[in-house]
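Please consider the structure shown below.

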Amino acid sequence: MNYDHIFDQAINRLHEEGRYRVFIDILRNKGAFPNARCFAGHNGPKPITVWCSNDYLAMGQHPKVIAAMEEALHDVGAGSGGTRNIGGNTHYHVELEGELADLHGKEAALLFTSGYVSNDATLSTLAKLLPGCVVFSDELNHASMIAGIRNSGCEKRVFRHNDLAHLEELLAAEDPACAKLIAFESVYSMDGDVAPIHAICDLAEKYNALTYIDEVHAVGMYGARGGGISERDEAAQRIDIIEGTLGKAFGVMGGYIAADRRIVDCIRSYAPGFIFTTSLSPVLAAGVLASVRHLKGSSEEREAQQAAAARLKAILMERGLPVMASTTHIVPLMVGDPVRAKRISDILLAEYGIYVQPINFPTVPRGTERLRFTPGPSHTEAMMHELGDALAEIWSRLDRGARAAA
């Protein structure tokens, strides 16, 4: 067997489909985000503006976060020393879990090394612990949720996105006595829409199902203290398990769940993805701890971000660009073709110093390729107009080229 040929074919397929992914080489400028520098070519770093970071509130640049991490580094060193079970549990981890439980009004929380791991480990373990469990999963759930459900080995029912009638039809068709879990997100990160949380909870109560919500793109961003859409909509107490990330609005790294003490203890005790992995560095935990505490008491960053998102949507629509409908902080621009999306992204970077990654399959369905902008509190109106003008020019240029080729 020619192994090299198989691997070459796999990569060539991505090139042929126009969705081979290229990671650019950049460094953010501390204290000056969204300004960064890109290392491309041989003429040294080139200044760029970042428009696709999930550090939504620029908390990764916040003085409190950086100071907390520096203090922890000089106090306890760099690494955690192992798994939580063997030497890797520190007071920073304990304090952070307490803050996260409080953030969501739950009895307990549990830290993981990433949001992906928290979804995969929790969903796979939870469904295994529930005899005969059937998981009801929104069709647009994140890959980490899908992986966790698959790894559980349990039965799965996929309901159409945010379609309550379809969800109820599937719930009603199951044995009333079987264990059921409804898994969904609060903010869907590629479309920027929001789940009907209370209505899903109503169905969960009617059919005796547990609820699991992924608040990855909402924690820190919504609610009076940054508890997410479930806090904003006063629904957190109705959700059994809330999952979130520490690497987006909180600006550092990690993932977590918050739930009642019994559920958290079961995941802590049974989930391989928690038990057998080195814990978060205490330096990271200290930074997140400072970020969570700050955003619990400050709405300034959230308000500035929401204002920036609304302004950017208006600026892009004024230029006739295909902005997708979104009620959240995410600003998706529909392209509909992977080659064109990559071309627009390349021109923005090379000619305008604007960085945004194209979003292609499998992140989104084929034919819905897009550019996804995440304006933050530090993006100025001048930056937004520069982006809008650049996109309008490139769109017109590519349209003229397509007409000429036809």
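**Helix contact and aromatic pair**

In this predicted model, helix α13 contributes R340, R343, I344, I347, L348, E351 and Y352 to a contact with helix α14, where they meet E386, A390, L391, E393, I394, W395, R397, L398 and D399. Of the residues in this contact between α13 and α14, nine are nonpolar and seven are charged, while no polar residue takes part.

The geometry of the two helices may be described next. Helix α13 spans residues 338-352 and helix α14 spans residues 381-405; their axes come within 10 Å and cross at roughly 130°. Angles over 145 degrees would count as roughly antiparallel and those from 65 to 115 as roughly perpendicular; α13 and α14 are therefore oblique to each other. The crossing of α13 and α14 has a right-handed sense.

Attention now passes to the aromatic side chains. How many aromatic pairs does the structure hold? There is one aromatic pair in the structure. The ring centres of F112 and F274 are 5.9 Å apart and the ring planes stand at 75°, so the pair is edge-to-face, given that planes over 60 degrees apart count as such. F112 belongs to strand β4 (residues 108-112) and F274 to helix α10 (residues 272-275), so the pair ties together parts that lie 162 residues apart in sequence.

Are the two partners buried or exposed? F112 has a relative accessible area of 3% and is therefore buried. F274, with a relative accessible area of 5%, is likewise buried, because the cut-off for burial is under 20%.

Terms used. Residues are numbered from 1 along each chain as its sequence is written. This is a predicted model: local features need pLDDT of at least 70, side-chain atom pairs count only at pLDDT 80 or more; totals for chains, interfaces and linings use all residues. Side-chain values use heavy atoms; hydrogens and water are left out. Axes are lines fitted to C-alpha atoms, for helices over the stretch in contact, and angles run from 0 to 180 degrees between N-to-C directions. Helices (H or I, at least four residues) and strands (E, at least two) are DSSP runs, numbered from the N terminus. Angles under 35 degrees count as roughly parallel, over 145 as roughly antiparallel, 65 to 115 as roughly perpendicular and the rest as oblique. A crossing is left-handed if the near helix is turned anticlockwise from the far one by less than a right angle, and right-handed if clockwise. Contact means heavy atoms within 4.5 Å. Ala, Val, Leu, Ile, Met, Phe, Trp, Tyr, Cys and Pro count as nonpolar, Asp, Glu, Lys and Arg as charged, and the others, Gly among them, as polar. Rings of Phe, Tyr and Trp (its six-membered ring) pair if their centres lie within 6.5 Å; planes under 30 degrees apart count as stacked, over 60 as edge-to-face and the rest as tilted. Buried means under 20% relative accessible area, exposed over 50%, partly exposed in between (1.4 Å probe, protein chains only).
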